[in-house]
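Biologist: I have a model open and want to learn how to read it. Can you take me through the main features, one by one?

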Amino acid sequence: MPAGAMLEVRDLRIHFQTDDGLVKSVDGVSFTLERGRTLGIVGESGSGKSVTSLGIMGLNTGKNVRISGEILLDGEELVGAPAARIRELRGNKMAMIFQDPLSSLHPYFTVGDQIIEAYRLHNNVTKQVARKHAIEMLNRVGIPQAAVRVDDYPHQFSGGMRQRAMIAMALSCDPELLIADEPTTALDVTVQAQILDLISSLQEEFGSAVIIITHDLGVVAELSDDILVMYAGRVAEYGTADDIFSRPGHPYTWGLLGSMPRLDRERIERLIPIPGTPPSLIRVPSGCPFHPRCAYTELTGGRCDTEVPLLREVASLGHKAACHLTAEDRTRLWSELSEGVLPEEAHTPDEQDFAPGTGEQTSSSGADA
Amino acid sequence: MTEQTQTGPAQPQGGTAPAGSAGATGSDPLLAIRGLKRYFPVTRGVVFRHTVGHVQAVDGIDLSVSPGQTLGLVGESGCGKTTTGRLITRLDEPTGGNIVFDGVDITHLKQGRMRPLRREIQMIFQDPYSSLNPRQTVGAIVGAPFRLQRVKPPGGIKQAVQEILELVGLNPEHYNRYPHEFSGGQRQRIGIARTLALRPKLIVADEPVSALDVSIQAQVVNLLEDLQDELGLTYVVIAHDLSVVRHISDQVAVMYLGKVVEKAARDDLYATPMHPYTVALLSAVPVPEPAHAANGQRRRRERIRLAGDVPSPLNPPPACRFHTRCWKAEEICRTQEPPLIELASGHQVACHFPENAPAA
């Protein structure tokens, strides 16, 4: 195995200039992904997880985009690389699976044609060879009667089959990096299980590095080795799957884990929601972007709303969280939470419940009262 | 049209046992459905339009909900759960069967006779973006039920609307704002406020949280539960997310291709699922906890894999509709439809070879 990480992202910033102001979609994200490993990126809508992946693929190309930082794909810098070079790599060395297979497949061309096009773009082969390859790929991803279905149009496929076709297309050039952006969100739960199985078995077979982007902590736990929790364009927490699920170090991660009903545990009477709503990326709250929704801001002596917390190592090696809480507080609070002690109400004033439209939504809404 | 007096939160229905255990079978159900069917005709031809078949979206289901309880309807896309919700709220005409609400058969009530009942049965929709008119203010949206039903609340519509907004955790001062000024979770609260305006007895919620972010989902789920306690509401919650359904429901019915395949009290269904489809559904849900093998290595969780997708409801498989994907299927499953029978107390299953069946 060659030395060096498959993908290394350092201090990536992707900002969009809009009429309303500068949208800091991704604001200083760093991570490393080794070959054969899977990184899960979790976050709510607007946390910057999809923009990060599009940035890696070189798909943020508008005139209003500003990208800085480093994206090293197998040692090669992608930020500022010529478009032609990115095009060579995209689909070949790195490939992407999108969320909605119906809108990502072209309705006018057969599934086979679309896979053939991608394959021939990067490999100098005849149509016949490419077609054979397409059939083989469809077979690999479990499309029944691939030799016949290769001539079908996307609308003739079911949702699960379309996602399989997308995966076949993404893997047709044997990419070393595969990015799956919400690959199962549009699918039913039994089909989701099939697709997750497929992704992980194909990963073993091809040895690619995989980034899986999702809002579903269950999906992440199934597939990922490492997990990156994003909030408001920044990394809230980064660690191995065990770190994140057994000893999470960031109040936002606690909130995510506490707010989802779980089938593997006893039913709890009440969910613990995170109060308020995710912030606007134009007016990100000062200091820690999570502080308006955090229940523990008094513990840090007012640093939360003035000082941006750095991503620091907590407890075990490589497990990092961006939070001002001290290690002792963190351990104590998490053990209390896992024993069912409820967090105090968030500190936001009750009366200014909502500020819709202003973007800065510091709300402690009625649901948690 | 009579005037409805509104004095704070409505009283819970008299005689309703507290929604504790699922065994509240003693009271009369608020909603009872028998043999409900909805077939959508499939037509061919432009000039000579003729029916070539039917999509059997809902094919003879029985359900009932007691006052103050929550019935969860789960299933994958195309199983007929949304159609069922639309039939209950009479947004769609059933092909067969009947719907009894609060002792009144509403199956074929004419529009004029149905209208007064509409204030008792309300619906929460899935998408908070498309279910609110973008050109109306929050006040107009939430106040619409009063105007449509010609109800004059004491103190005026505006005051009533503001009370409701407060009830669902919105700022009453935002009466004059437009939906686009709110986030998804807040919009869903507006939708909930609208359904609550006339103090309904029954609320059908079709995927009430699936369009929301995880952290917001919990807020809305808690809100629905609080409102139920406070106002004595009865819910039919339609959802595909099994963990949300477990959290919110007292009774759960699992649907597959237009049929109810299993129906039980929540804890029974999740602890001892009997229909193979339910077992497979539950095992397919990803668990937010990394799995480990004995040697500390990460491993994939063992699960039952169902092959293929849900078959088309246009030509559903004969007899047991699940047999094409079932690992236990035998000859009888292809020839004879299993009836929905009670195998344990309050636990009904339609299967020839149920799992976890109590030893007879």
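Biologist: How many residues of chain B are in contact with chain A?

Modeller: Two residues are in contact if their C-beta atoms, placed from the backbone, lie within 7 Å. Here 47 residues of chain B are in contact with 51 residues of chain A. Four elements of chain B give two or more residues to that side: helix 5 (184-196), helix 6 (214-231), helix 7 (242-248) and helix 9 (276-284). Helix 6 of chain B supplies the largest share, 10 residues. Helices (H or I, at least four residues) and strands (E, at least two) are DSSP runs, numbered from the N terminus.

Biologist: What conventions apply?

Modeller: This is a predicted model, where local features need pLDDT of at least 70, side-chain atom pairs count only at pLDDT 80 or more, and totals for chains, interfaces and linings use all residues. Residues are numbered from 1 along each chain as its sequence is written, while chains are lettered from A and ligands numbered from 1 in the order in which they are written.

Biologist: What are the ipTM and pTM of the complex, and what is the mean pLDDT of chain B?

Modeller: The predictor gives an ipTM of 0.81 and a pTM of 0.84. pLDDT is the predictor's confidence in each residue, from 0 to 100. Chain B has a mean of 86, with 89% of its residues at 70 or more. Treat residues 1-25 of chain B separately: pLDDT stays under 50 there, and the model has 40 contacts beyond four places in sequence for them.

Biologist: How much of chain B is buried?

Modeller: A residue is buried if 20 or more other C-beta atoms lie within 10 Å of its own, exposed if 12 or fewer, and partly exposed in between; C-beta atoms are placed from the backbone. Buried residues make up 48% of the 360 in chain B. The chain has 10 helices and 12 strands. Of its contacts between residues at least 6 apart in sequence, 65% join residues at least 24 apart.

Biologist: Which residues touch the most other members of the largest nonpolar core?

Modeller: In soluble globular proteins, nonpolar side chains tend to be buried together. A nonpolar core is a set of buried Ala, Val, Leu, Ile, Met, Phe, Trp, Tyr and Cys residues joined through C-beta atoms within 7 Å. The largest one has 189 residues, and A:A165 and B:I164 touch the most other members. Helix 7 (residues 159-171) of chain A gives this core its largest share, 8 residues. Beyond four places in sequence, A:A165 contacts A:P101, A:L105, A:V111, A:L138, A:I143 and A:F157.

Biologist: At what angle do helix 3 and helix 4 of chain B pack?

Modeller: Axes are lines fitted to C-alpha atoms, for helices over the stretch in contact, and angles run from 0 to 180 degrees between N-to-C directions. Helix 3 (residues 138-148) and helix 4 (residues 156-167) of chain B pack at about 115°, with their axes 9 Å apart. Angles under 35 degrees count as roughly parallel, over 145 as roughly antiparallel, 65 to 115 as roughly perpendicular and the rest as oblique. Helix 3 and helix 4 of chain B are therefore roughly perpendicular. B:I164 is among the contact residues of helix 4 of chain B, and B:F146 is among those of helix 3 of chain B.

Biologist: Is A:H250 buried or exposed?

Modeller: A:H250 counts as buried because it has 29 C-beta neighbours inside 10 Å. A:H250 lies in the loop between helix 10 (241-246) and helix 11 (251-259) of chain A.
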